[in-house]
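Here is a short report on how one chain folds. Read it with the model open.

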Amino acid sequence: MKSVLLSNPGKIQISEAEVPIRKDDEVLLKVRSAGICGSDIGAYKGVNPLVTYPRIIGHEIAGEVLEVPENETELLPGDRVLIEPYVYCGHCYPCSIGHTNCCENLTVRGVHIEGGMAEYVSHPRKLVHKVPDNIPWNLVPMAEPLVISMHAIQQADTQSGQHVVITGAGQIGLLAAQYAITIGAIPIVVDPVDERLALARTLGVTHTVNPVTTDSVAEIKRITHDRMAEVVIEASGDARAIRNAIDYVSYAGHISLVGWPKSDIPLPTGLFTKKELTIRGSRNSVGQFPESLRLISEGKVDVAALLTKTVSMEDTPATVADIAEHPDRYLKVTCLF
Ligand SMILES: [Zn+2]
Ligand SMILES: [Zn+2]
């Protein structure tokens with residue numbers, strides 16, 4: 001079968017690979033679409049330490065069911081599905097308490113194990129989700145970044161009516177803003193790129209702040225009537241944004257850190273105590289795929305607005321290279337196979 005192979009950092013091409021052999025508890029899929037994610041770009045650039053090479057990339061993978069386990073009662077060949085790419089062990093401490101998203105032995109498709117940018121993929125049945133008929137193939141993979149955003153909002157215990165500052169208006173931040181609206185919270189999107197803020201406003205975000213051209217702390221103070229934001233979702237990984245999150249958040253507020261910082265960041269930890277902050281990491285997701293697909297299907301979250309373009313499998317290697325070189329030109333790219 002054809003696959004999108006990273007033979008080494010910086011070297012990506014279409015390559016022949018063996019069709020995977022389905023294990024007893026797995027579903028074999030004919031892949032129909034895939035999303036190019038920041039982690040695929042990190043793998044291409046060689047900056048993701050978890051990736052080993054050669055590696056077929058891709059973890060946002062949708063397709064048609066070809067073969068199901070013998071005892072399967074729900075899925076049928078021909079069904080449209082999306083894979084949940086975080087394959088957990090089921091017996092470590094985090095798995096034992098239901099936090100399978102941060103399993104100590106987590107293997108993510110396209111990172112630790114072969115990805116799904118290929119003609120076929122075989123994946124554990126329990127991590128395969130049926131897709132509503134009305135979501136076009138090229139948008140289905142975007143349910144994966146949406147679960148990341150939903151988890152970040154939930155990790156911060158976000159409540160209806162609360163102000164939620166979201167730092168970073170990339171796909172995760174813009175999806176988090178839309179999800180916040182669906183639960184009745186009020187997003188305030190903070191990003192230094194005005195076009196991204198304009199896009200946020202077209203998605204229903206009423207408050208946007210450029211931290212370079214305005215005093216972002218004063219602006220958030222004004223919007224929140226002096227309280228500051230009950231919740232901050234840090235979705236950029238940028239050192240200044242992470243530092244600013246502690247000023248943007250209210251006393252007794254919650255911060256959820258979903259962006260990956262490039263290095264360690266010194267923080268005024270005295271303020272954690274003074275404001276009695278709850279600061280939580282947020283990684284992957286648990287059990288949120290059905291809800292994510294429902295929100296897209298019902299038009300509650302507009303993923304199409306974030307799509308820069310959709311490319312063919314043949315054009316995927318060149319597109320990955322171009323995104324790595326010109327990240328500002330792209331928000332989200334999906335591939336149709
Ligand atoms: Zn992703
Ligand atoms: Zn585990």
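Strand β12 (residues 186–190) and β13 pair in the parallel sense, with three bridges between them. V190 has V209 in β13 as its bridge partner. Strands here are DSSP E runs of at least two residues, helices are H or I runs of at least four, and both are numbered from the N terminus. Two strands pair if DSSP finds at least two bridges between them.

This is a predicted model: local features need pLDDT of at least 70, side-chain atom pairs count only at pLDDT 80 or more, and totals for chains, interfaces and linings use all residues. Residues are numbered from 1 along each chain as its sequence is written, and chains are lettered from A and ligands numbered from 1 in the order in which they are written.

β12 and β13 belong to an open, parallel sheet of six strands, ordered β13-β12-β11-β14-β15-β16. The twist averages 20 degrees from one strand to the next.

Contact means C-beta atoms, placed from the backbone, within 7 Å.

| Helix | Lies across | Angle |
|---|---|---|
| α4 (residues 171–182) | β11 (163–167), β12, β14 (229–234) | about 165 degrees to β12 |
| α6 (residues 216–223) | β11, β12, β13, β14 | about 165 degrees to β13 |

Elsewhere, β1 (residues 2–8) and β2 (residues 11–16) run antiparallel, joined by six bridges. K2 stands opposite E16 in β2. Two residues separate the strands of this hairpin, and G10 in the turn has a positive phi of about 85 degrees.

Key
Axes are lines fitted to C-alpha atoms, for helices over the stretch in contact, and angles run from 0 to 180 degrees between N-to-C directions. Two residues are in contact if their C-beta atoms, placed from the backbone, lie within 7 Å.
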